[in-house]
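Keep the sequence at hand as you go.

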Amino acid sequence: MPMTLMIRDLAAFAEVTTRTIRHYHDIGLMPPAGRDGSGQRIYVPADAVRLVRIRNLIEAGFSLNDILDVLPPGAGEIDGNVYTAIRQRVDRRLDAEEKALRARRRRLGELADPDRIGLPAEAIEILGEWRRIGVREELIAATRATWTVCAVVFPDRFHERLRYGVADLADPEYRQLLTAISGLWEASLDDPAVEHTARRLAAYLRTVYGPDMAQFVTPDSAVVDSVIEFYPPALVRFNDLVYRLYAVDGDQ
């Protein structure tokens, strides 16, 4: 009498679960099982061999569809030519997955700080330089919130503006302006420093970017209302004054 196995025995031999075996039956990866007199599924050693082969292929990175190509229903042996072609396909897919995984790991490293989420590396570097020259953390946080919105809503314009931001930081005058703007964080609305600093920045921008305001307009001004709660009233007034002064003087 030929050796037969119950499903639990088959699962133990192949180190899989009985649920897995049933799933393989459903998709045609395992042939229909025999039945004993009580209706229980019974298997023969060839079923165990096939199941172990399936497990080995899965461990090597083959998908269930790949395995169906290599071990189609009813096939007792693996066709060498078919196997070679499928194996090469699996190898290419694993190579692509490895590259994607390395890219994800690099990105994960870049996002070690939650404040980096949603911003390109260039923006983080600029804000890091702001920190090094003494800009207040509150202004850095508010700017980061603004830039995060800009990077999503106006990605092309935002990346262009970042290039200008890097160039501006190389200018000692702009660095002085940044610290002056930072000093307005706790200023009152009627503090003369608000208008004085706004005039300085507007003059700087006209000198660097020319009289045409369109060359300077950045996404920041278009989204300020959505992040207004991050800024104190004096800086909201300052921002408005810069644009008004730039526009008025630029039209002269």
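The model is a predicted one.

Helix α1 covers residues 7–14, and helix α2 covers residues 18–27. Their axes come within 9 Å and cross at roughly 100°. Angles of 65 to 115 degrees count as roughly perpendicular, so α1 and α2 are roughly perpendicular to each other. Which residues make the contact? From α1 come I7, R8, L10 and A11. From α2 come T18, I21 and R22. Sorted by class, this contact has 4 nonpolar, 1 polar and 2 charged residues.

Now move to α5, residues 80–110. This helix has 31 residues. From its first C-alpha to its last it reaches 45 Å, close to the 45 Å expected at 1.5 Å a residue. What caps its N-terminal end? D79 does. A side-chain oxygen of D79 lies 2.9 Å from the backbone nitrogen of N81.

Go on to α8 and α10. Helix α8 spans residues 155–169, and helix α10 spans residues 192–209. The two axes come within 13 Å and cross at roughly 105°. That angle therefore makes α8 and α10 roughly perpendicular to each other. On the α8 side, R161, Y164 and D168 make the contact. By class, the contact has 4 nonpolar and 2 charged residues, with no polar ones.

Technical notes
Residues numbered from 1 in each chain as written. Predicted model: local features only at pLDDT ≥ 70, side-chain atom pairs only at ≥ 80, totals over all residues. Heavy atoms only, no water. Axes fitted to C-alpha atoms, helices over the stretch in contact; angles between N-to-C directions. Helix = DSSP H or I, 4+ residues; strand = E, 2+ residues; numbered from the N terminus. Parallel < 35°, antiparallel > 145°, perpendicular 65-115°, else oblique. Contact = heavy atoms within 4.5 Å. Nonpolar A, V, L, I, M, F, W, Y, C, P; charged D, E, K, R; others polar. Expected span 1.5 Å × (residues − 1). Polar contact = N/O pair within 3.5 Å; in protein donor to acceptor, adjacent residues only side chain to side chain.
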